[in-house]
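Please walk me through the side-chain contacts and the helix packing in this model.

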Amino acid sequence: MKAAITGGTGFIGKALTHELMKANHEVIILTRHPDKYTSTDRVRYVKWMSEGADPAADLEGIDAFINLAGESINSGRWTEERKKRILDSRMKATDEVLRIIRSLNKKPGVLINASAIGIYPPDLNRTYTEESADKGDDFLAETVKKWEQKASAAEMDGVRTVFTRFGIILGKDNGALPKIAMPYKMFAGGKVGSGEQWMSWIHIQDVASAVLFCMEHDQMRGPVNLTAPHPLRMNEFGKILGDVLNRPHWIPAPAFALKLALGEMSILVLEGQKVMPEKLQNNGYSFHFPELEKALTDIYKG
């Protein structure tokens, strides 16, 4: 198969490109700066979202379109300007993806659009699956709702559409884990906030494999939770992280200090949702790393 990826040079995109190549698929990565990369017979870099770019001709014949483009939510305090950039970057990239799809003579079989479990309201007691109707009303939830609604227009063009609702993605050098692990490496790790908030995490390898699974299995459609099957409360997560790193779990980070330091973005560490990957499990996906200890051991000692 031939897959096009936006955001293909980022954390998830690199892991996914590697996974697609392992499965003998061809990859086209859409980027504003293709001259920074070297194309091969298996991976090509094509210009998009910049002056004079019209990648449609290069995308004729693609079987899957994977849209990961958007400014990182971890890129700094959520000022009004940054929040606008976070939302606008997703809306504009998705508009361009839809425009390209409509211009193709042969439409791709599937659009896989990035999303996030932040669409669900934070809660200490509820468990969410893809069937859960409740949606949050904070900035992150509103962003995800608008993003999914925008991408869903591809269904009107006969393209199977999947919303991959990513949990907290764990990787050694990117994503949330380096920031969570830093205090432990400095022998200062401990309970964050109440410690009771849920951490619905997933290893980067399972992110790549699960996206490929959604691409290759036609029954996967609509929202799909990309989280490991064993979420943990933050305090337990921290204890296991400390054990793997051979560091103590002892100095608490109080909620008021995190709110002062991070502002509105503090919800990313102080609030959480217990989210289960029901669709992946019901359709036969097998997790590489279902348990946190094995996932962290692979990341730090593998």
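A residue counts as buried when its relative accessible area is under 20%, as exposed when it is over 50%, and as partly exposed in between. The model is a predicted one, and the values below are computed from it.

The side chain of K83 makes a polar contact with the side chain of E80, at 3.2 Å. Leaving aside residues up to four places away in sequence, K83 touches W78, F139 and E264.

Across the whole structure, a search finds 5 aromatic pairs. One of them joins Y37 and Y45, whose rings are stacked, with 4.8 Å from centre to centre and 15° between the planes. The angle is under the 30 degrees set for stacking, and therefore the pair falls in that class. Y37 has a relative accessibility of 32% and so counts as partly exposed. Y45, with a relative accessible area of 21%, is partly exposed too.

W78 and F139, both touched by K83, also form an aromatic pair. Their geometry is edge-to-face: the centres are 5.1 Å apart and the planes make an angle of 65°. This pair links distant parts of the chain, since W78 lies in the loop between β4 (64-67) and α3, while F139 belongs to helix α4 (residues 139-151), 61 residues apart. W78 is buried, at a relative accessible area of 6%. F139 counts as buried as well, at 14% relative accessibility.

Elsewhere, F213, Y285 and F287 form one aromatic cluster. A charged side chain also meets a ring: R90 lies over the face of W147, at 4.9 Å from the ring centre.

The last topic is helix packing. Two packed helices are described by the angle between their axes and the distance between the axes. For helix α5 (residues 177-185) and helix α11 (residues 292-301), the axes come within 14 Å and cross at roughly 80°. Because angles of 65 to 115 degrees count as roughly perpendicular, α5 is roughly perpendicular to α11. On the α5 side the contact is made by L177, A181 and K185, and on the α11 side by L296, I299 and Y300.

Definitions and conventions:
Residues are numbered from 1 along each chain as its sequence is written. This is a predicted model: local features need pLDDT of at least 70, side-chain atom pairs count only at pLDDT 80 or more; totals for chains, interfaces and linings use all residues. Side-chain values use heavy atoms; hydrogens and water are left out. A polar contact is a pair of N or O atoms within 3.5 Å; within protein, one must be able to donate a hydrogen and the other to accept it, and residues adjacent in sequence count only if both atoms are side-chain atoms. Contact means heavy atoms within 4.5 Å. Rings of Phe, Tyr and Trp (its six-membered ring) pair if their centres lie within 6.5 Å; planes under 30 degrees apart count as stacked, over 60 as edge-to-face and the rest as tilted. Buried means under 20% relative accessible area, exposed over 50%, partly exposed in between (1.4 Å probe, protein chains only). Helices (H or I, at least four residues) and strands (E, at least two) are DSSP runs, numbered from the N terminus. A charge sits over a ring if NZ of Lys or CZ of Arg is within 6 Å of the ring centre and within 35 degrees of the ring normal. Axes are lines fitted to C-alpha atoms, for helices over the stretch in contact, and angles run from 0 to 180 degrees between N-to-C directions. Angles under 35 degrees count as roughly parallel, over 145 as roughly antiparallel, 65 to 115 as roughly perpendicular and the rest as oblique.
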